Amino acid sequence: MTKIQDMLHNQLPSVNEVPLGGVIPSNGNSQTYETGSWRTQRPIFVAENCTNCYICWLHCPDNSILIEDSKVVGIDASHCKGCGICSAECPTKPAKRAMSMAQGGFYQPSETFAKSTL
Ligand code: SF4
Ligand code: SF4
């Protein structure tokens, strides 16, 4: 061991001094964490332009595309983190976009496709 390694080694805490971190005490708990407040952008869904191809649903990493009766109906605003993947993957043409991104994380009251108040 070199002198520098020896110095660093002496400064490191022992295993009993390192605080616990990243502990997940139980499984299936992600639904209880509302992570939508992290957004800086929000997906905008236009139902009349949607072909219900489910590509957005397949790609969303947070399972935030809501489907009812085999149709996309909106966004789970409590869990959507605004990554933009749904919009990037949506195959609809620019003139008739079904999914696009808007600046700002919080939904307006008129954006009723977003479920929750975030
Ligand atoms: S922005 Fe990201 S997290 Fe939100 S619905 Fe689209 S793919 Fe899912
Ligand atoms: S990818 Fe676009 S067209 Fe397909 S279901 Fe999602 S919003 Fe609708």
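A nonpolar core is a set of buried Ala, Val, Leu, Ile, Met, Phe, Trp, Tyr and Cys residues joined through side-chain atoms within 4.5 Å. Buried means under 20% relative accessible area, exposed over 50% and partly exposed in between, with a 1.4 Å probe and protein chains only.

**Entry 1: ground rules.** I note that this is a predicted model, in which local features need pLDDT of at least 70 and side-chain atom pairs count only at pLDDT 80 or more, while totals for chains, interfaces and linings use all residues. Residues are numbered from 1 along each chain as its sequence is written, chains are lettered from A and ligands numbered from 1 in the order in which they are written, and side-chain values use heavy atoms, with hydrogens and water left out.

**Entry 2: the core.** I looked up the largest nonpolar core, which has 18 residues. Cys 56, Ile 65, Ile 75, Met 99, Tyr 107 and Phe 113 touch the most other members. At least two residues of this core come from each of strand 1 (41-45), strand 3 (71-76) and strand 4 (99-103). Helices (H or I, at least four residues) and strands (E, at least two) are DSSP runs, numbered from the N terminus. In soluble globular proteins, nonpolar side chains tend to be buried together.

**Entry 3: Tyr 107 and Phe 113.** I found two aromatic pairs in the structure. In one of them, Tyr 107 and Phe 113 are edge-to-face, at 5.7 Å centre to centre and with 90° between the planes. Rings of Phe, Tyr and Trp (its six-membered ring) pair if their centres lie within 6.5 Å; planes under 30 degrees apart count as stacked, over 60 as edge-to-face and the rest as tilted. Tyr 107 and Phe 113 are both buried. I then listed the contacts of Tyr 107 (heavy atoms within 4.5 Å). Setting aside neighbours within four places in sequence, Tyr 107 is in contact with residues including Arg 42, Pro 43, Ile 75, Phe 113 and Leu 118.

**Entry 4: Arg 42.** Is Arg 42 buried or exposed? Arg 42 counts as buried because its relative accessible area is 8%. Arg 42 lies in strand 1. Its side chain is joined to that of Glu 111 by a polar contact of 3.1 Å. A polar contact is a pair of N or O atoms within 3.5 Å; within protein, one must be able to donate a hydrogen and the other to accept it, and residues adjacent in sequence count only if both atoms are side-chain atoms. Neighbours within four places aside, Arg 42 is in contact with Ser 100, Met 101 and Tyr 107, among others.

**Entry 5: ligand 1.** I counted as near any residue with a heavy atom within 4 Å of the molecule. There are 13 residues around ligand 1, and Cys 60, Cys 80, Cys 83, Gly 84 and Cys 86 come nearest. This shell has eight nonpolar, three polar and two charged residues. Here Ala, Val, Leu, Ile, Met, Phe, Trp, Tyr, Cys and Pro count as nonpolar, Asp, Glu, Lys and Arg as charged, and the others, Gly among them, as polar. Cys 83 sits in the loop between strand 3 and helix 3 (85-89) and is partly exposed, at 48% relative accessibility. Cys 83 and Cys 60 are 23 residues apart along the chain, with 8.7 Å between their C-alpha atoms.

**Entry 6: ligand 2.** Which residues come nearest to ligand 2? Of the 14 around it, they are Cys 50, Cys 53, Tyr 54, Cys 56 and Cys 90. The shell divides into 11 nonpolar, three polar and no charged residues.

**Entry 7: the loop between strand 2 and strand 3.** Most residues other than glycine have a negative phi, and most peptide bonds are trans. Asp 69 has a positive phi of about 50° although it is not a glycine. Asp 69 lies in the loop between strand 2 (65-68) and strand 3, and counts as exposed at 76% relative accessibility. Ser 70, in the loop between strand 2 and strand 3, has a positive phi near 70°. Ser 70 is exposed too, with a relative accessible area of 53%.

**Entry 8: Asn 52.** I located Asn 52 in the loop between strand 1 and helix 2 (55-59). Asn 52 is partly exposed, at 24% relative accessibility. Not counting residues up to four places away in sequence, Asn 52 touches Ser 70, Lys 71 and Val 72. A polar atom of the Asn 52 side chain lies 2.8 Å from the backbone nitrogen of Val 72.
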